[in-house]
Amino acid sequence: MPAVERPLIYANLRKPGYTVDIDCYLRNGGYEALKKAVALKPDEVCKEVEVSGLRGRGGAGFPTGMKWKFLDRKSGKPAYLVVNADESEPGTYKDRQIIYKDPHQMLEGIAITAWAIQAKQAFIYIRGEFIHGAKILERAIAEAKAKGFLGQNILGSGYSCEVVIHRGGGCYVCGEETGLIESLEGKRGYPRIKPPYFPAVLGLYNCPTIVNNAETMAQVKHVLAFGGAEFAKIGIPGDSGTHIWGVSGLVKRPGLYEIEAGKATFGELLYDLCGGPLDGRTIKAIIPGGSSTKILKVGERFKGMLANGTEFDWALEDIPLDSNSIAACGTGLGTGGTIVIDDSVEMIQALSNLNAFYAHETCGQCTPCREGSLWLSRVSKRITTGGGLETDVPLLLDIANQVAGRTICAHGEAVAWPVQSAVPKFKDEYLESIRKRQKGEAVPTLKLI
Amino acid sequence: MHDSPSSSAPARPLKPETLAKAPAIIAQYPQQRSATMPLLHLVQEDRGYITKEDMTWVASLVGVTPMQVLEVVTFYPMYRQSPIGRRHVRVCRTLSCALRGSYALMENLEQSLNCKRGETSPDGDFTLEFVECIADCGCGPVVHVDASMHENVKPEDAGKFAAQLKATLKDPSYGLNPPVPGTPEWNG
């Protein structure tokens, strides 16, 4: 059966003539889920989200209901809700659609979440480059306040929550939740060390804070609309709801595809929905969930056992699109931003492109990441410019191994994983790239660095 | 503190309406220091870049030292300490756009705009830069010009695109209006 989309988050914004104003949202059932939520006790809303099995959509896939449970409610300090709309992971462009085309959907999720965790102040940390996006959200907040969905005395419940838009400054590491909090406090976005700085206990202004992804907020609206138990039936046990696959790179129809978790495979996504490779080409590899997730090579076999005891033996095309299956193949669903690489691409150039990204974005706080990312970038680039040695290939791996696990935040892993996963799989091709340049032979024309 | 080209000629003072906006921005936050970044954006939107005097002003408003504001300015790539061209042309360099030809696009734009990457054209019209992923990966290569996003700018169309950008120099409303769905730069 060919793969079919099941738009939930994108259902409204794809309708012809759908606009960002509140009247359009209300005509399409807007803010009904919020009415349901404020009729429940905050703990009951948390319970619905927990029962739904919703996992965060920012990349780590942490269960949202469990995250809310960690909130320190005994400290007596105010709780804050911070929405991470700092979409910066290469390959990821799903939140932009929600912000620019259906902002009220996200705001409704924010109002519900704020009620659930009893936050009287919420912040939306939005990418600095989303200049119009910030304006669209600001107008939407003003509309929602005027109608009593945000601000003072929400829907007559006596509960109040203000929402403030905070624009970032073009910095990838501020998508890391503690770096984001530092940035929101008016400082450099240096991530904080955990422990003790778990945001749920010591977050914004050292107060208990929940940091959730922008799409997660939109998903929360649907959890309340369906009810937790009904929402859990979408997708598969352990991964409920839909995933938005943002496919980019070398396929016929790159774009955003919203699919029920586990109800299609990579083969169906890439060959049916995206139309397969460009004419005359073949797909060589994919980076499945944003540039930090480990690369998968076409032709590999993935064997093992899932958490529920099922044994599997898959080609890349057979891997089901749910977080547990993808994790079992040694990589991650991440943000669903799939980058497709075909046989016209020289793999060392693709790696060098990403190494340059991580070297540019390291905050510089931890030595292994600051130095390691720069050295990875330099070594891979010198291979592409003809100065590479055969020992550079194991050297790349050696440097990456000294970064992962040795840093305050996960940027260290993001630096290391592309190298650690690609070098064993494409070692022979890298050596061929070095040899070709030493002999002055022709190399692929597509320039990536 | 690094000297900027502005230090040779005194920078124009901030507009009164810019100064007037500051208190409301600060009042949005439980702690005033959080207003550092929005105030810096405010300054940059007024003048196009941020001077030492601006940093001292922001510092006095949010209760920190000027050095603490400088730390912020130098950390975030979007903040500038020197003027740029009349149009700020940012081509995405990261993998998804690169796979779709952003390096070839950059080379062609350097020709068409008479401007090397990282520099401003001699006539002061364009500043051309490579930037990292700007979250529009399915429509690559993408080019972010001031506040507007241009999608699917193919390398072979660089000349046509440059001509289009030159025409915007005569359009004072370019980039100021919210994006319109269905137009090439809808994503703003």
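Which residues have the most contacts inside the largest nonpolar core? In this predicted model, local features need pLDDT of at least 70 and side-chain atom pairs count only at pLDDT 80 or more, while totals for chains, interfaces and linings use all residues. Residues are numbered from 1 along each chain as its sequence is written, and chains are lettered from A, and ligands numbered from 1, in the order in which they are written.

A nonpolar core is a set of buried Ala, Val, Leu, Ile, Met, Phe, Trp, Tyr and Cys residues joined through C-beta atoms within 7 Å; a residue is buried if 20 or more other C-beta atoms lie within 10 Å of its own, exposed if 12 or fewer, and partly exposed in between, with C-beta atoms placed from the backbone. The largest such core has 168 residues, and those with the most contacts inside it are Leu81(A), Val82(A), Val83(A), Ile110(A), Ala111(A), Ile112(A) and Leu269(A). Helix α16 of chain A (residues 411-439) supplies the largest share of this core, 10 residues, where helices (H or I, at least four residues) and strands (E, at least two) are DSSP runs numbered from the N terminus. A second, separate core of 15 residues includes Met37(B), Leu40(B), Ile50(B) and Val73(B).

Two cis peptide bonds can be described together. One joins Lys194(A) and Pro195(A), with omega about -15 degrees, and another joins Pro195(A) and Pro196(A), with omega about 10 degrees; Pro196(A) lies in the loop between α8 and β4 of chain A.

Tyr31(A), a residue other than glycine, has a positive phi near 65 degrees, and Tyr31(A) is buried, because 24 other C-beta atoms lie within 10 Å.
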